[in-house]
Amino acid sequence: MDVANRLRGLRAMVTGGASGIGAAIVRRLAEEGAHVVIFDRNETAAREVAEACGPDVRVAVLDLADFEALDSLIAQTGPFDIAVNNAGIDQHAFFTDTTEADWRRLLLINLEAAFAVTRAVLPAMQKGRFGRIVNIGSEAGRMGSRGGAVYAAAKGGLIAFTKSIALENARYGITANSILPGPIDTPLLREAINGGGEKLLKAMEGATLLRRLGTAEDVAAAVAFVASREAGYVTGETLGVSGGMGIAQA
Ligand SMILES: NC(=O)c1ccc[n+]([C@@H]2O[C@H](COP(=O)([O-])OP(=O)(O)OC[C@H]3O[C@@H](n4cnc5c(N)ncnc54)[C@H](O)[C@@H]3O)[C@@H](O)[C@H]2O)c1
């Protein structure tokens, strides 16, 4: 395979593509010649990302909690060869300080929205006998999280969902993989440590083997690989992009 063409001409959608990791994924896929649609509620930021990339990047504005709007926007802008479920929200609080409303919102955006996207994109992928589902989980999904129990549960669920989609769709030439970021320097991380400041940042760096925060581009590079034609023999995998956090020792 010509590596330069591993993504050329493929049609991709990226949820949460207006900021942080999602924006880096959009830029990377577009740089490699994919046509990309950003699905995000932040129209201004999404348009800025799209304009900087050029005409191959378009924007669909929605709240991912609205599955009807999601279905209709996917029907209008699809079909897609690649779906990246990246949008996520976090809440830093001990479990006993969270409410049922908090749980519902965290599960809805971090887990159920990925169900809804996958349901909407799979029929065309199955028909075309090609597809790449890429789910952005978190190391919290396999390690747990002090101050993020429901977030970690949602991300753990996403890992199991990804494997199940891989099992059910291999016969159609569709792969599904999870990418698990560690501490990545994005607006979401800065918001999560709000109040903890420099001390918390240092603790996060110290939790990695490489002793640094990751960049959104670190994550985008891994996504570009599993989303590519080249990765046709990689499915059901769970790849940490976390500076070795999974094996780091205190
Ligand atoms: N930053 C980290 O350290 C880190 C670590 C582990 C996992 N992750 C995961 O990576 C993904 C991206 O995180 P990020 O740090 O880039 O976050 P971010 O906050 O910078 O960006 C998230 C994007 O999702 C969009 N979004 C959120 N809720 C939405 C909704 N209801 N409808 C439509 N759009 C919505 C936001 O508008 C934003 O553009 C998330 O799934 C997050 O859980 C991030």
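Mentor: Start with Arg 190. In this predicted model, its relative accessibility is 40%, so Arg 190 counts as partly exposed. Its partner is Asp 185. The closest N and O atoms of that salt bridge are 2.8 Å apart. Asp 185 has a relative accessible area of 36%, so Asp 185 is partly exposed too. Elsewhere, bridges with shared partners build a network. Arg 6, Arg 28, Glu 32 and Glu 230 are joined in it. The structure holds 13 salt bridges. The general idea is plain: side chains of opposite charge can pair when their charged atoms come close.

Next, take Arg 11 and Asp 81. Their side chains form a salt bridge, 3.0 Å from N to O. This pair links distant parts of the chain, 70 residues apart. Arg 11 sits in strand E1, residues 11–15. Asp 81 lies in the loop between helix H3 (67–77) and strand E4 (82–85). Asp 81 has a relative accessible area of 11%, so Asp 81 is buried. The cut-off for buried is under 20%.

Glu 43 bridges to Arg 47, with the closest N and O atoms 3.0 Å apart. Both residues belong to helix H2, residues 43–53. They are four residues apart, about one turn of the helix. Glu 43 is partly exposed, with a relative accessible area of 37%. Arg 47 is partly exposed as well, at 37% relative accessibility.

Last, the helix packing. Helix H4 (residues 100–128) packs on helix H6 (residues 149–169) at an angle of about 15°. Their axes are 9 Å apart. Angles under 35 degrees count as roughly parallel, so H4 is roughly parallel to H6. The crossing of H4 past H6 is right-handed. On the H4 side, the contact includes Trp 103, Leu 106, Leu 107, Leu 111 and Phe 115. Asn 110, Thr 118 and Gln 126 of H4 are also among the contact residues. On the H6 side, the residues include Val 150, Tyr 151, Leu 158, Phe 161 and Ile 165. Lys 155, Gly 157 and Asn 169 of H6 take part as well. By class, the contact residues of H4 with H6 divide into 13 nonpolar, five polar and one charged.

Conventions: Residues numbered from 1 in each chain as written. Predicted model: local features only at pLDDT ≥ 70, side-chain atom pairs only at ≥ 80, totals over all residues. Heavy atoms only, no water. Axes fitted to C-alpha atoms, helices over the stretch in contact; angles between N-to-C directions. Helix = DSSP H or I, 4+ residues; strand = E, 2+ residues; numbered from the N terminus. Parallel < 35°, antiparallel > 145°, perpendicular 65-115°, else oblique. Left-handed = near helix turned anticlockwise from the far one by under 90°. Contact = heavy atoms within 4.5 Å. Nonpolar A, V, L, I, M, F, W, Y, C, P; charged D, E, K, R; others polar. Salt bridge = Lys/Arg side-chain N within 4 Å of Asp/Glu carboxyl O. Buried < 20%, exposed > 50% of the residue type's maximum accessible area, 1.4 Å probe, protein only.
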